[in-house]
Amino acid sequence: MRHTFAETVETDLQEKLQRPSAHQLRRLYEVNDEAVRKKATRQGLWIAVAVYILFSVNDILLIPDVAAYAVAARVLLGTAALILLETQIYRNVAIKWLDATSAAALVLGFAVWVVPAVGTTHTQSLSYYMVFGTIFMMGANLFFSFRFRLSVLASSAVLITFLVSLAAFWPGDMYVLAFGTFYISCFVFTAYVNWKLNRERYNVFLNAQEARTQQKEAALRGEALLRMSNTDYLTGLENRRAVDQRLRQYWNGWLTDGKGFAAILADVDFFKKYNDAYGHQEGDRCLIQVASAIREAIEPYMGSIGRYGGEEFIILAPVDSREGVVALSEAIRQTVEKLDLVHEERRDGTAIVTVSVGGAFTREQNGAKLEKIIHEADRALYNAKASGRNCARVFDPADPETSDESENIAALLKIAVKQDLVSLVYQPIVSLTGRQSTSVEALMRLRTLDDIMIPPSLFIPIAERTGTILELGRWVIRTVCRDLLVDNHVETASVNVSPIQLKTPGFAASVAAILYETGVAGNRLAFEITEGLEMEIHSDLLRCVNDLKTLGIKIWLDDFGTGFAGLSWLRLIDFDTVKIDRSFLHDSHTPRGKTMLQDIIGLIRHRGPKILIEGVETEEQLLLLRELKIDAVQGYHVGRPASVGSFRHGMADVGGFSGSVAVARRKPGSRG
Ligand code: C2E
Ligand code: CA
Ligand code: CA
């Protein structure tokens, strides 16, 4: 069996993020910033040599009788050191050799000066002059950035040379005592400071190293999350959003280069019965097997497959003849049939798992839209189901049999507001941060003239496509204000707003008009936006968001994590709250799933907005979210969507919510 995607991502990350051992770190430190350190050593030695030679003036003034030797020694040694250093740099030797040259130059520099100096007859002057010897010690310990061992070695050599020459020179007991202790304490102090400096340098290096690792880790996690948001966790196939993305690519290819393609939907027959009979684990296994079998079967057609919803798969392939699509659809059907997975509970004469397949392909037509091809595949699939399942059908525009359900819904939507066919239910949003504010999300409901409920997943896309979402959207906002906000039944309410609305000129103005008309302050409303199909965020949309913010309305990001664009939306819009899609919570019972959830939370926290997690269905989930310090939650466990009545009386505390939950559970209209 496949590993879950989260597991794969985590192992992948661990492999890429191997941390170096202490030994490796040391080695890394040794070669760290070679170029910079070489430059510093070179500069240092040139300055040191220049100062050293300039000291000739002091030689001439203080010890004139031996000055000739001392000056000659200074010039010769200084020049030799620089020539050696430049040769080393030319040969590009390691930094430790440049440091060694500089250290040797320091020690010898002191020696070749002190040896002729002690021969002077100007003992008084020399006794003062000796004090300058400590500069060589400071040079070794503080001026250059040698490693600790080299510094101590060089400064000890200077100290020993001094002590030896002092023994030879012996200007008097008191002098030897005073200067001897002065040199020794100078050695101890500078060596100590050097040791501290070196430790500090190493720590800075370690911190920089850690920062680099963390940055890399953050980048890798970001990538992994992006990849994950495109992948169906169960089957490892592309998920719906990724498929939408691919669909758009195909569609653009068709529009610009006339490259036709087919969209095929395959739906596992009687899958609910399978799940009920064999359990969810078996159900999952069945889906995985079906998915990988179809994936193999469509390879010769250069097709790609994604999971489109529960037990529905979508196949896209560069096939654009009727015969081609029929053949491909039939191949998919047969592939699943050949798997021979037992399904004895379906009771329709077949006892194995099968799929119904509906296909459509691009053809010349006026004003065609991307959604249309999916819609046609959907109708073909419907046809296949109606023809007794386990069969493949391809959409035929000339076939009157393919009656158009969505046309009916579109017509219904046009009269919905006037005929009172739309209504709202409200689902509590519960704050976990202590402050018990009362807040709800408004969810739209639609029924037909003969009282059949149509799920939002069906009618919202149609309303968006046909534009009736604009009228419905205004109606929703007005109703929420009138139902709950005007009379303070709840403090705040959130409303789902589709990107289509935000892109329509004048939307913000119409919202302002509703606020004015109802006398509700803008800051009591939040608009939930779900990232749309299009990757790029329209500038009109951004402008509208800004206008809405000016009205005080909060902007929330809905269903975060399911979409491709989530991360870029988060970058472009300053959301007040981000709602994390419930799929992440529902995966959180595994350690990997929990890590993923935490990663997503971390990613959002990093950017600042509040975090709300949807779909809390159990007490364990609620406990986990408290532990993760989530700001607010929503879900059947803390409150089902309920009609306005449940919120109208005494909703001042969470106890009120539980009351509404009880009411809501009995409402037939509240679905999920
Ligand atoms: P959504 O905004 O993500 O709304 C949450 C959906 O999850 C609702 O489904 C709700 O009933 C359901 N739900 C709530 N708690 C739970 C839970 O604990 N577990 C599970 N499994 N589900 C839960 P609903 O009402 O069917 O709405 C579906 C979608 O339709 C909404 O998703 C939203 O995108 C859209 N929608 C609903 N009303 C409107 C509207 O007025 N305007 C627009 N543009 N879209 C709307
Ligand atoms: Ca929502
Ligand atoms: Ca949502």
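**Strands, calcium ions and a buried serine**

Student: How do strand 2 and strand 3 pair?
Tutor: Strand 2 and strand 3 (residues 312-317) run antiparallel to each other and share five bridges. Two strands count as paired if DSSP finds at least two bridges between them. Strands (E, at least two residues) and helices (H or I, at least four) are DSSP runs numbered from the N terminus. This is a predicted model, where local features need pLDDT of at least 70 and side-chain atom pairs pLDDT 80 or more, while totals for chains, interfaces and linings use all residues. Residues are numbered from 1 along each chain, chains are lettered from A and ligands numbered from 1 as written, and side-chain values use heavy atoms, without hydrogens or water.

Student: Okay, which residue of strand 3 is opposite Arg307?
Tutor: That's Phe313.

Student: What holds paired strands together in general?
Tutor: Strands of a sheet pair through backbone hydrogen bonds, and they can do so parallel or antiparallel.

Student: So which way does strand 1 run against strand 4?
Tutor: Strand 1 (residues 262-268) and strand 4 are antiparallel, joined by seven bridges. To find that pairing in the model, look for Asp267, which faces Ser356 in strand 4.

Student: And how does strand 4 pair with strand 5?
Tutor: Those two are parallel, with three bridges. Val357 has Ala392 of strand 5 as its bridge partner.

Student: Is strand 4 mostly covered or mostly open?
Tutor: Mostly covered: seven of the seven residues in strand 4 (residues 355-361) are buried. Buried means under 20% relative accessible area, exposed over 50%, and partly exposed in between, using a 1.4 Å probe and protein chains only.

Student: Which residues sit on each face of strand 4?
Tutor: One side has Val355, Val357, Gly359 and Phe361, and the other has Ser356, Gly358 and Ala360. Both faces are covered.

Student: New topic! What coordinates the calcium ion (ligand 2)?
Tutor: Glu441 (OE), Asn496 (OD1), Glu528 (OE) and Asp558 (OD) do, at 2.1 to 2.3 Å. Donors are N, O and S atoms within 2.8 Å of the metal (3.2 Å for Na, K and Ca); water is not included, so sites may look incomplete. Along the chain, the donors of ligand 2 are spaced E-x54-N-x31-E-x29-D. Glu441 belongs to strand 7 (residues 439-447) and Asp558 to strand 11 (residues 554-560), so this pair ties together parts 117 residues apart in sequence.

Student: Are Glu441 and Asp558 buried or exposed?
Tutor: Glu441 is buried, at 4% relative accessibility. Asp558 is buried too, with a relative accessible area of 4%.

Student: What about the calcium ion (ligand 3), what are its protein donors?
Tutor: Ligand 3 has Asp558 (OD), Asp559 (OD), Glu614 (OE) and Glu614 (OE) as protein donors, 2.1 to 2.4 Å away. Their spacing along the chain is D-D-x54-E.

Student: Which residue coordinates both calcium ions, and how far apart are they?
Tutor: Asp558 coordinates ligand 2 and ligand 3, and the two ions are 3.9 Å apart.

Student: Last one: where is Ser56?
Tutor: Ser56 lies in helix 4 (residues 56-62). Its relative accessibility is 9%, so Ser56 counts as buried. From Ser56 to Arg248 is 192 residues in sequence and 81 Å in space, C-alpha to C-alpha.
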